[in-house]
Amino acid sequence: MNPVLPTIIKKEFIHIWRDPQTLVIILLMPLMMLILYGYAITLEMKQIRTAVVDLDKTPQSREFIEKIISTGFFHVTRVDVPYRQIEDIFFRSQARCVIVIPDNFAEKLAGDSSTPVQLVVDASDPNAANFINNYMARINVGFNLQHGAGNGGIFSVEARLLYNPDLLSAYFFVPGLVAVIILLSSALLTSIAIVREIEFGTMEQILVSPVRPNQIIIGKIVPYLVLSFLDGVLILFFAHLWFHVPVYGSLLLLGFSLFVYILTGLCFGVLISTVARSQQVAMMAVMVITILPSFMLSGFIFPVRSMPHILREISVIVPATHFLRIIRGIMLKGTGIFQLLPELGILTAFSILLIAISIRKFHTKLE
Amino acid sequence: MNRQSTGPDSFAAETTVVVSHLTRKFGSFTAVDNVSFTVARGEIFGFLGANGAGKTTTIRMLCGLLKPSSGSASVAGLDVYHQPEKIKTKIGYMSQQFSLYEDLTVRENIQFYGGIYGLSRLQIRSKTDELLHYLNLWDQVDVLTRDLPLGWKQRMALSSAILHDPPIIFLDEPTSGVDPASRREFWLLIYELAARGKTVFVTTHYMDEAEYCHRVSIMKDGRIVELDKPERLKNKYAAKNMQQVFINIVKGKDK
Amino acid sequence: MKPIVTMTFPVSIQNLKKSYAAVPAVQNVSIQVQKGEIYGLIGPDGAGKTTIIRILVSLLDADGGEVLFMGRNVSQNVRYVRSNIGYMPQRFSLYRDLSVRQNLRFFGDLFHVPRHIQEQRLKALYDFSKLGPFQNRLAGALSGGMKQKLALSCMLMHEPDVIVLDEPTFGVDPVSRAEFWDILKMLASNGKCLLVSTAYMDEAYLCHRIGLLDKGRLLAQNKPQVLIERFDFPLYRIRSEQPHKIYTQLKATYFEKHIQLFGDGVYFIDRDKSGSAAIRRRLADLNITYDKFEPVKPTLENLFLELMI
C-alpha cells in the first residue's frame, strides 16, 4: 500500500489533537445548534396564540374551549371577540388563529349531525397554518368521538399525521434539523482544510513532492469522516434522548446512512476548499450554499411535493432532501434499506462526483 | 575627542529615554536582565541582538505594552509603570510588516492613521500635505497601497507612524528586502528626522544597517553586552564591519 | 540557440521570461548551476528571485525560454522534478503544530523514504542541525534560526541532488545565518548543486557564483571576486559623523552621480579618474568638512548600486 495516504491522514489527525479548543467547538457546536433550534421550533409550535369567538355560549361550547386549552398547543388569549373583529386581530398579531363556534353548536352536537366549527388561520406562515389545521382536526375528531358524533370529522387529516400520531412537531422537525446541521458542520470542516494550507504556505512545500492531488484530498476527508461520524451519532443520540424522537427502523441502517450523508457533506466542503481563495470565503460559501437550500428546498419546512416544478427539480440536487427522506423514513416509519436504496445511491453518486471535480480542480501550481 | 552621547550636536544634552536596571521576567526566565542606558534627543540608536536576546521585550516595555518586573524607565519624560497610555502618544512605531491597509489608497491610509491618533480633520489635511511632499509621494496619493513598490510602501509606513509628530520613533527591521537605492533614500529620511530632533530606535538583522546608527547596543541573553559607536566597536574588535563585531560578541564569548 | 552540454548542469535556465498580467517579472534570465556549486541570486524583493525559483521547481509556468532540471524540461516533467528536487520556500512552510520529529518523518514518508533509512537520516540530520535535543518540540515554538534548519532538514530527508532555497535566512540573526551557511557549504562540498536567493549582500560573498538581479533582469553574474573587479573606478570614503549632510551637500552639485551613502561615510566614485587630491580640493571648495578621506576597495553593494543606475 502506498504509504503517502496514511501519512497525510495521520498528520491531519495530529492537527486535530493539537488543537483541543477547535475539537471541542467541532463537537459541541452542532449539538448547541440542535438544542437551540429544536427548542425554538417546538416552543413556537406549542403556544399558538388563539382567539375564540363563542357565538353559542353553552356548556357544550365551554367544554369545547376547555378541551382546546387543555392540549397545551393553543394558548387562548381572548374568548369574547366579536365576529367582525377577526381581521383586526390578525393585523395586530394578537392571535394566529381564531376559532368560531357557531350559535347552534350545542344543538347540532346533540342532533347527531356534523358540527361545523370554523377555524380561521393566519396563513402568512403556511407551515404553522398547516400544523394548526392538523392539530385542530385532531381535537375535533376526539371531541366528536367523545360525544358519539358519528363521522363528524370536518377537516381532512393529512397522511403525514399517521406517522406522527401524537402530533408532536419535534418528531417532524428534529430529523430535518439533524440533516441540516450535519451537512453544515461536515462541509465546514473540510471547507478550510485545503485553503488553510495554502494560506499558511505549507501547501507550497508539499506540492514540490511526489504527492498527488487525490492523496491530499482523500487524506483530508478521512480524518474528518471519523470525527463527523462521531458527531453525527452524538446528535442523533441527543435528538432521541432530548426531543424523544423515536427510532422505529434499524440502528445499523441509520448509522450507515449517516456515514454516506456525512461523506457527501465532506466532499462538498473539499470542493469549496479547492476553489476558494481564502478560509473566510470558503466558510461563507459553505454557509450560504448549505443552509439555505437545506432549509427551503429539502422538504424540511415545505413539502417537496407541493413545490413548483422548477424547485422540485432543484431539490433533487440538495443532499439534505435525500437524507431527510432517509432519516424520517428510518426514525419515524421504520423504513428498510430497500426502500431507501435510491436515496443512498444518489448521495453516493454525489460524493464520487464531488471528489472527482475536486481532484480535477486542485491547483498543482501556484497561479 | 568623541562627544559622549554622540553625533547629533545641538540636542546632545537632552535625554529622551532613560533606562535604569530594567528587568523583565517571564516565570523563571529572565528575558531582560538589569539593563541600563540613556538615549539622547536626535539620536539614531541601533538595537541589535540574536533572536531571543531580549530586544523585543525591551522595546515592548519602552512602548508601554509590557510592565517591567523591576527597574525603571522613562520615555519622553513619562514613566513606563504609571503613564503607559501617555507614552503611546509620544512614540511612532513602524514594523517590518508595514501595518498599512493594502486595499486603501495612500491618502486613505494616512487619514486613517491620523484619525487613530485623534488628529482633527484640519490637522490631518495639513499633515497629509506636508508628509506627502516631504516623502515625495505626492503623485501617488490616490494609488492603492498594494500597487506601490516596496520602497515607497516603506516610506509610507514611516509617514503613517510619524503622523502625530512623536518625539520618539521605533523602527523594527525597517528595510528588510528593500532594494539598495531605496534603502539609502530611507536612511536619508531617518537622518533628517534625527536632525529635526526625533529620537530613532532601530532594530535590525542587517549589520550594514547598524553602521548608519549613531550608537548601537548589542544584547545577549537579556543583557546589553556592548553599547558604543559602530566605529569604536569595529576598532575594539579589530573587525572590518559590524557583521564581524556582532558574530564575535554573540558567538565568541560563550565558547 | 541550443544550450551547450546541458547534461553537466543539473540546473540550466535559458532566456527565461515571465510576466504577471503584462507586467514583466523575469526578462531573459539565463543561469546554469554545476554540481558542488552554490549559486546565489542576489536582489531586493520584487527583483524576480522567487519567480525564477518557483518556475524551476515547477510551481509556475514560464512564458518563454527553457528550464532544464537534470537535463529534462521542467514543464514536461513536473512529477520527476517534484520527486527529486529539494525546495525550501521563502515562507516557513512546515507544520507549526507538528513536532520537529513529526515534521521530518512526514516529509520522509511523503518522498517514499523507507522507515529504516529515515531513522539513519534523522540521526545524521540531528547531528549537523543540532536539533536533536528539540525533536519533540513543536515546530512553531522554535527560534527563527532553528526553524530554518528544520526546514532545510525536512527537505534533505529525501537526499536531493539539487537544492533550491528561497531566501532561507530572511529575518534570522547574523550568528544563526552564519551557521546556516556553514551547512550549505558542507552540502556543496558533498557534491550537491545549490541555488540560493538572498537579499543580504554579505551572503553573496559566501556563494561560488552570484547573479545580481534587479527588476527581473540579471545585471551581472560571475564569481563575487571577479564581479567586484568590474567596478573599475577608484573609490574613496569620506568619513564623517553625519554622512547624510555631506551626501546632501554633494547631491546638489554635479557630483550627484558620483556618490553613494553608506552608514560609515559617503563613498565617492572617481568616474573622471581625477585623483584624490583633486577631489579633496573640490570638497574644500564646497566648504565640506569631514573626518577622513581615504581610498577603499569596492564592495558588491557599491557595484550593485552602480549597476542599478
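**Exercises on the A–C interface and the nonpolar cores**

C:Arg54 and A:Glu204 form a salt bridge whose closest N and O atoms are 3.0 Å apart, the term denoting a side-chain nitrogen of Lys or Arg within 4 Å of a carboxyl oxygen of Asp or Glu. The model is predicted, and local features need pLDDT of at least 70, side-chain atom pairs pLDDT 80 or more, while totals for chains, interfaces and linings use all residues. Residues are numbered from 1 along each chain as its sequence is written, chains are lettered from A in the order in which they are written, and side-chain values use heavy atoms, without hydrogens and water.

**Exercise 1.** Describe the interface of chain A and chain C.

*Solution.*
- Step 1: Contact (heavy atoms within 4.5 Å) links 28 residues of chain A with 32 residues of chain C.
- Step 2: The two chains bury about 2,900 Å², 56% of it on carbon and sulfur atoms; this is accessible area (1.4 Å probe) lost on being put together, summed over both parts.
- Step 3: On the side of chain A, A:Gln205, A:Val208 and A:Pro210 lose the most area, together 23% of what that side buries.
- Step 4: The rule finds 2 salt bridges across this interface.

**Exercise 2.** Identify the nonpolar core residues with the most contacts, and the surroundings of one of them.

*Solution.*
- Step 1: A nonpolar core joins buried Ala, Val, Leu, Ile, Met, Phe, Trp, Tyr and Cys residues through side-chain atoms within 4.5 Å, buried being under 20% relative accessible area (1.4 Å probe, protein chains only).
- Step 2: In the largest core, of 164 residues, C:Ile85, C:Leu165 and C:Leu184 have the most contacts.
- Step 3: Beyond neighbours within four places in sequence, C:Leu165 contacts residues including C:Ile53, C:Met88 and C:Phe180.

How values were computed: Buried means under 20% relative accessible area, exposed over 50%, partly exposed in between (1.4 Å probe, protein chains only).
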